Amino acid sequence: MGFLLKVEGSEAIELGLESIMTVEYETDTPNDSNARSTDVGATLKVKGKILTATDGDNSDDTMKLGLWSLVPAEKADCYRKVTLEVISADQVVRKIHFPNAFVVDYSERYGDTEGIGEFYLFIKQKKDKTDLAKIEGGYAV
């Protein structure tokens, strides 16, 4: 099983199978509601590795994720198209698409023994555009 993450905006960000370790999708509604709430959100949490460029390879795009997390809310570029694919046995198990995603949290962690770092990305679909988020899957790559 692997993951592909694509972020489209002022610049393209792509992270592949070797970078992403875990993904968590969540449909978020208030827990204190006694009926189906109209307050529905969609979130995506991605954890992965920060890979070092070696022997002329390009570095991974995790630095671009960090720069996206710093874009202020006043700029339209803070909202970007995000597509995440969960791939297993040449099948797209899930394809999650947020057309107006923004970064809630982004962090990086480094240790002196692992040799590489890790990143954590928490994004949300813009709440008034939650109906544009799509979840697909069950087809060949």
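Colleague: How many bridges join strand 5 to strand 6?

Modeller: Eight, and the two strands run antiparallel. Keep in mind that this is a predicted model.

Colleague: Which residue stands opposite Val 86 there?

Modeller: Arg 94 in strand 6.

Colleague: And what do strand 5 and strand 6 form, with how many residues between them?

Modeller: A hairpin, with two residues between the strands. Ala 89 sits in that turn and has a positive phi of about 50 degrees.

Colleague: What about strand 1 and strand 5, how many bridges?

Modeller: Seven bridges join strand 1 (residues 2–8) to strand 5, again antiparallel. One partner pair there is Val 7 with Val 82.

Colleague: How many residues of strand 5 are buried?

Modeller: Seven of the nine in strand 5 (residues 80–88), which leaves the strand mostly covered.

Colleague: Switching to helix 1. Which of its residues are buried?

Modeller: Thr 62, Leu 65, Gly 66 and Trp 68, in a helix that spans residues 62–69. They cover an arc of only 160 degrees around the axis, so they lie on the same side of helix 1.

Colleague: Why would residues a few places apart point the same way?

Modeller: An α-helix has 3.6 residues a turn, so residues three or four places apart point the same way.

Colleague: What covers the buried residues of helix 1?

Modeller: The cover includes strand 1, strand 2 (13–15), strand 4 (41–50), strand 5, strand 6 and strand 7 (117–125).

Colleague: Zoom in on Leu 65. What is it in contact with, leaving aside neighbours within four places in sequence?

Modeller: Val 7, Ile 13, Leu 15, Tyr 106, Phe 119 and Leu 121.

Colleague: OK, the core. How many residues does the largest nonpolar core have?

Modeller: It has 23 residues. Leu 65, Val 82, Leu 121 and Ile 123 have the most contacts inside it. Strand 1, strand 2, strand 4, helix 1, strand 5, strand 6 and strand 7 each give two or more residues to this core.

Colleague: Which element gives the most?

Modeller: Strand 6, with five residues.

Colleague: Now the rings. How many aromatic pairs?

Modeller: The count comes to three. In one of them, Tyr 79 and Phe 102 have ring centres 5.8 Å apart and planes at 75 degrees, so the pair is edge-to-face.

Colleague: Where do Tyr 79 and Phe 102 lie?

Modeller: Tyr 79 lies in the loop between helix 1 and strand 5, and Phe 102 in strand 6. The pair therefore ties together parts that are 23 residues apart in sequence. Tyr 79 is partly exposed at 32% relative accessibility. Phe 102 is also partly exposed, at 24%.

Colleague: And Tyr 106 with Phe 119, stacked or edge-to-face?

Modeller: Stacked: 6.4 Å centre to centre, with 25 degrees between the planes. Tyr 106 is in strand 6 and Phe 119 in strand 7, 13 residues apart.

Colleague: Is Phe 119 buried or exposed?

Modeller: Buried, at 2% relative accessibility. Tyr 106 counts as buried too, at 18%, because the cut-off is under 20%.

Colleague: Change of topic: charges. How many salt bridges in the whole structure?

Modeller: Four. Among them, Lys 127 pairs with Asp 39, with the closest N and O atoms 2.8 Å apart.

Colleague: Where do Lys 127 and Asp 39 sit in the chain?

Modeller: Lys 127 is in the loop between strand 7 and strand 8 (134–136). Asp 39 is in the loop between strand 3 (20–28) and strand 4. That puts the two 88 residues apart. Both are partly exposed: Lys 127 at 47% relative accessibility, Asp 39 at 33%.

Colleague: What does Arg 80 form a salt bridge with?

Modeller: Asp 77, with the closest N and O atoms 2.5 Å apart. Arg 80 is buried at 3% relative accessibility, whereas Asp 77 is partly exposed at 24%.

Colleague: What meets Glu 118?

Modeller: The side chain of Arg 109, in a salt bridge of 2.9 Å, N to O. Glu 118 is partly exposed at 29% relative accessible area, and Arg 109 is partly exposed at 49%.

Colleague: Last one, Asn 100. Which strand does it lie in?

Modeller: Strand 6 (residues 91–109). Asn 100 counts as buried, at 19% relative accessibility. Beyond its neighbours within four places in sequence, its contacts include Tyr 79, Arg 80 and Leu 132.

How values were computed. Residues numbered from 1 in each chain as written. Predicted model: local features only at pLDDT ≥ 70, side-chain atom pairs only at ≥ 80, totals over all residues. Heavy atoms only, no water. Helix = DSSP H or I, 4+ residues; strand = E, 2+ residues; numbered from the N terminus. Buried < 20%, exposed > 50% of the residue type's maximum accessible area, 1.4 Å probe, protein only. Contact = heavy atoms within 4.5 Å. Pairing = 2+ DSSP bridges. Arc of directions from axis to C-beta. Core = buried A, V, L, I, M, F, W, Y, C linked by side-chain atoms within 4.5 Å. Phe/Tyr/Trp six-rings, centres within 6.5 Å; stacked < 30°, edge-to-face > 60°.
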